Structures are given as C-alpha cells and as structure tokens.
Amino acid sequence: TSIMILRRKRSHFRTLKAIDTPKHSELLAELLGILIGDGHLSHYQASMTTNSETDKEHAFYTKRLIQRLFSISATVKEKREENTIVVVASSRTLVQFLHRHGMPIGNKLQKGLTVPRWIKQSSKYQEAFIRGLFDTDGCIYADIHKWRDKTYQHLGWTITSYAGTLINDVQAILKNLGFSPTHRMTQRSVYLRRQNEIHRYFQEVGTHNPKHKKRYRKFVKQMKKNT
C-alpha cells in the first residue's frame, strides 16, 4: 500500500507541474533575457535572484511573466540578511523547456552564454531580449565631468556581463536595431553614449524595471535644470 500511495503522490506531483508550452514570442524572449542576466536553472527549478532593495518590483514582474507564459505558480522569497529576493518556479518540465530555448542548466558562464538563435531571427525578439537583459544586468547612469570650471552631465547606458560571447551578441543586436554601441575587448560592458540613442532606447525598447525608469527620469530632469 505504501508503494501505491507513493505512486499516487508521484502522479499528483506530475499533474501539478504540467505547464503551458508557449510559442516563440516577445514575452518569452524577454524572460530569456532576464534569466540569462540574473537567472539560474537547476534540474528541477528555474530561479532569478536580484537586489531586494532596488529591484523588488521587477522580481514580482518576473513572477507574473512566468505565470502568464507557463500557467505555473512561482514564489518570491526575500532573504533580508543577504539583501536579495529570489523568484522560484519548481518544475522539471519548465527547466527542460527553458534549456531547449537557450538557457544553460548549471553554471551559465562555464557553459558559454549566448543569445539564443531563435531570438536573433526577429528584431522584435531582439528588442525584448535586450530589455530583459538590461533590466537585470544593465545600468543607466549620469556621466559627470568638468572642463574649464564647467560641469557637464551626460547620460550613460550599459550592459555588463562576464560572458564574452554574450557581450559580442549584445553589441551585434544593438547595431542591428540601429544603435551605435561601444565596447573594448578589455571591458566587460557594452555602452550607449549618444544621447539621442539612449532616449530612443527608453522610448522604443523601454524597461519593465521601475528602478531604471526612475533613474532615467531623474537624470533627464537634472540635465534640463543644468542647461
């Protein structure tokens, strides 16, 4: 009887973990960008870890995105002592799906991170992927410098990754989308420095991380005051 109970439990477990398998879409491309940025796949879980103080709203956005795409529940766990917040979805089926669509299982850097091939085939997918990656591994900042007793402030936009292949892919995608990224081999970041292109990025590609939106608006406001 104990074997029968175990079998029932196992079959119940499989029923609970059934997921929708979405087609290629902008939402799926954005989720891949988020996971390649801050995500991790074990054999039974997909997770995304981020800063609990600055990125909490984006963590809940990611949770809703997973639920919308796969019709599976995801949990959000805050680890205050580590200043982190973790989104977790437990499903081997989900892990296998994400792995087939370009997300490595285990150590991402050792596996060699790249932009999934299917995303490269559509400019809309490329935009969505870059949005997801920037929202996790990106930064908008004020580049301040002085010259002849005058202070100048410019916007800076960057995505940072320790995966060289991914950085090269990001640079290629940005060029394909009509931007002018800069990158040196000694750096682990891709930059946008032209002011009109940074504004265009936020208008056309956008962000689903309120942190970036607030910082962008704050810096734009500051620069208008200084002109």
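Reader: What makes E5, E6 and E7 a sheet, and what is their order?
Author: They form an open sheet of three strands in the order E5-E6-E7, with antiparallel pairing. Two strands pair if DSSP finds at least two bridges between them, and strands themselves are DSSP runs of E with at least two residues, while helices are runs of H or I with at least four, numbered from the N terminus. E6 (residues 150–160) and E7 pair over four bridges, so they meet the cut-off of at least two. Within E7, Val190 is the residue opposite Ile159. By the way, this is a predicted model: local features need pLDDT of at least 70 and side-chain atom pairs count only at pLDDT 80 or more, while totals for chains, interfaces and linings use all residues. Residues are numbered from 1 along each chain as its sequence is written, and side-chain values use heavy atoms, with hydrogens and water left out.

Reader: Why do E5 and E7 stand at the edges?
Author: Strand E5 (138–147) and strand E7 (189–192) each have a single partner strand, so one side of each has no neighbour in the sheet.

Reader: Why are H7 and H9 called roughly perpendicular to each other?
Author: Their axes cross at roughly 110° and come within 11 Å. Axes are lines fitted to C-alpha atoms, for helices over the stretch in contact, with angles from 0 to 180 degrees between N-to-C directions. Angles of 65 to 115 degrees count as roughly perpendicular, under 35 as roughly parallel, over 145 as roughly antiparallel and the rest as oblique. That is why H7 and H9 are roughly perpendicular.

Reader: Which residues make the contact of H7 and H9?
Author: Contact means heavy atoms within 4.5 Å. H7 brings Glu127, Ile130, Arg131 and Phe134, and H9 brings Tyr201, Phe202, Glu204 and Val205.

Reader: What makes strand E4 largely enclosed?
Author: Six of the seven residues of E4 (residues 84–90) are buried, so the rest of the structure largely encloses this strand. Seven bridges join E4 to antiparallel E2 (residues 45–51), and five join E4 to E3 (residues 75–79), also antiparallel.

Note on methods
Buried means under 20% relative accessible area, exposed over 50%, partly exposed in between (1.4 Å probe, protein chains only).
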